[in-house]
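Please keep the sequence and the model open while reading.

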Amino acid sequence: MITKSINSGFHHLFRFHVDRSLLEITLFQFFCNLGTNLIALSLPFYLYQNLEYQVWQICVFFLAWQTAFVLIIPFVGTFIERFGLKHSMGFQSFATALFWIVLPFLVQGELWMDLLRMAPFFLLRASAVGVSEVSYDIFLTHHMDDASRGKTIAWIQIAIMATVIMAPFLGGLITYFIGFEWTAVVAFVAFLISGIVLLFTPDEKFHVPYTPKELLRDTFKRDSRSVFVAEGGRVFFDAILWLVWPIFLILILKNIVTMGILVGISSGISMMLIYCIGRRIDQGGVSEKTLRFGSYRSTVLNFLRGILWDPFLLAIVDVLHKINFDTLKVSYDVQMQRWLRRRNTFERAHIRWMIVENIYMLAVAFFTILFILFQESTQIIFIIIFCVGSLANLGIQAISNSRE
């Protein structure tokens, strides 16, 4: 049944050819990332400052969160087959909205009881987000125009980055002045809007040509090796930015509003360049040199992130990292889409997220072990983590070898 989407009047916002479905997905990503970035910095701050979690306990909380993804991800294909790509992505929004609205009431400051109460919601959110991750990769491979793939990805990245500019600062203000519970409420509303964007739109469905057992077998075949290395490098450092970087900022800056300002300003400056980067990729193609030198720069910048403890210098390094990584990520995403499109797109998208979620879990487990074993040497732990993460970035360039 064909239905007019509620956002059909937004085409004038873009000056390049894009189909309605891709526009809907961009709006979905905008509101979904608005909710995520509203609360991403606030949750570790809330756990540390309000509930008096120790750093290792914050890591254990996020390890339980991530373990749910690893348990769920092999089985998401059946859901996508039944409900379609866009509706599967929309499921993420409603499940995540529920997750955030109940979290302030269930997490009370006793780690093991908190984990027990949150376990069903960890699994629910992991199911929804896992389904959405695989659906999103499949959707892009089917709808992205070859002639403007870099610019298209750049616009989606801009939509995401726009939320990174305003959301951390807004989330910090709400958390500081009226409490984390109200930050969760605002995030709840943003997630609901993102889900509604996709709820009443026409969808497309696919047959899943493999079982979970076949998926696990194919994940370790030869044509996935380069993706293992590339995603390992990318995801390990992303796990640092997801968990360790907020904890680092909490200990250095000690103020959630200041944290939001630093993250927002650095993201805003980098966003100014990303559309130009996408256009250049469309005109000149993706070069292995872009990935190679981008990974080298990322290694140096993120090594500095671990040894510089001055807020002003940290802000400069964060700006430079975001500018460099946005250049790198557009090129990386284009090459990843090429690998996904060559054959078995559905299964390859699923394989990719199998790899990603397991690497996130291993990374968070690594952080947790370090903070448990060396609780009195926090500064040294941060230096070790950022140094290991900076070296891991070198693996990103392996995506250029994914030829099969």
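Which residues in helix 2 (residues 42–50) are buried? They are Ser42, Leu43, Pro44, Phe45, Tyr46 and Leu47. Buried means under 20% relative accessible area, exposed over 50%, and partly exposed in between (1.4 Å probe, protein chains only). Helices are DSSP runs (H or I, at least four residues), numbered from the N terminus.

## Basis of the model

The model is predicted: local features need pLDDT of at least 70, side-chain atom pairs count only at pLDDT 80 or more, and totals for chains, interfaces and linings use all residues. Residues are numbered from 1 along each chain as its sequence is written, and side-chain values use heavy atoms, with hydrogens and water left out.

The axes of helix 2 and helix 8 come within 11 Å and cross at roughly 160°. That makes helix 2 roughly antiparallel to helix 8. Axes here are lines fitted to C-alpha atoms, for helices over the stretch in contact, and angles run from 0 to 180 degrees between N-to-C directions. Angles under 35 degrees count as roughly parallel, over 145 as roughly antiparallel, 65 to 115 as roughly perpendicular and the rest as oblique. The crossing of helix 2 with helix 8 is left-handed; a crossing is left-handed if the near helix is turned anticlockwise from the far one by less than a right angle, and right-handed if clockwise.

Glu52 is exposed, with a relative accessible area of 66%.

## Helix 5 against helix 8

Helix 8 (residues 180–199) also packs with helix 5 (residues 85–106): their axes come within 8 Å and cross at roughly 165°. Helix 5 and helix 8 are therefore roughly antiparallel to each other, and their crossing is left-handed. The residues of this contact of helix 5 with helix 8 divide into 17 nonpolar, 6 polar and 2 charged. In this count, Ala, Val, Leu, Ile, Met, Phe, Trp, Tyr, Cys and Pro are nonpolar, Asp, Glu, Lys and Arg are charged, and the others, Gly among them, are polar.

Trp100 is found in helix 5. Trp100 is buried, with a relative accessible area of 4%. From Trp100 to Ala184 the separation is 84 residues in sequence and 5.6 Å in space, C-alpha to C-alpha.

Helix 3 (residues 55–72) and helix 10 (residues 225–253) pack at an angle of about 160°, with their axes 11 Å apart. These two helices are therefore roughly antiparallel to each other. The crossing of helix 3 and helix 10 is right-handed.

Ala119 lies in helix 6 (residues 111–143) and counts as partly exposed at 31% relative accessibility. Ala119 and Ala64 are 55 residues apart in sequence and 8.0 Å apart in space, C-alpha to C-alpha.

## Aromatic contacts

A pair of aromatic rings is described by the distance of the centres and the angle of the planes. Rings of Phe, Tyr and Trp (its six-membered ring) pair if their centres lie within 6.5 Å; planes under 30 degrees apart count as stacked, over 60 as edge-to-face and the rest as tilted. By this rule the count comes to 27 aromatic pairs. In one of them, the ring centres of Tyr53 and Phe61 are 6.4 Å apart and the planes stand at 75°, so the pair is edge-to-face. Tyr53 counts as buried at 2% relative accessibility, and Phe61 is buried with a relative accessible area of 0%.

Tyr210 and Phe346 also form an edge-to-face pair, at 5.9 Å centre to centre and 75° between the planes. This pair links distant parts of the chain, 136 residues apart: Tyr210 is in the loop between helix 8 and helix 9 (212–219), and Phe346 is in helix 14 (residues 345–373). Both Tyr210 and Phe346 are buried. One aromatic cluster is formed by Tyr53, Phe61, Phe62, Trp65, Phe99, Trp100, Phe122, Trp242 and Tyr360.

## Cysteines

A search of the whole structure finds 0 disulfides, a disulfide being a pair of cysteine sulfur atoms within 2.5 Å. Cys32 counts as buried at 4% relative accessibility, and Cys59 counts as buried at 0%.
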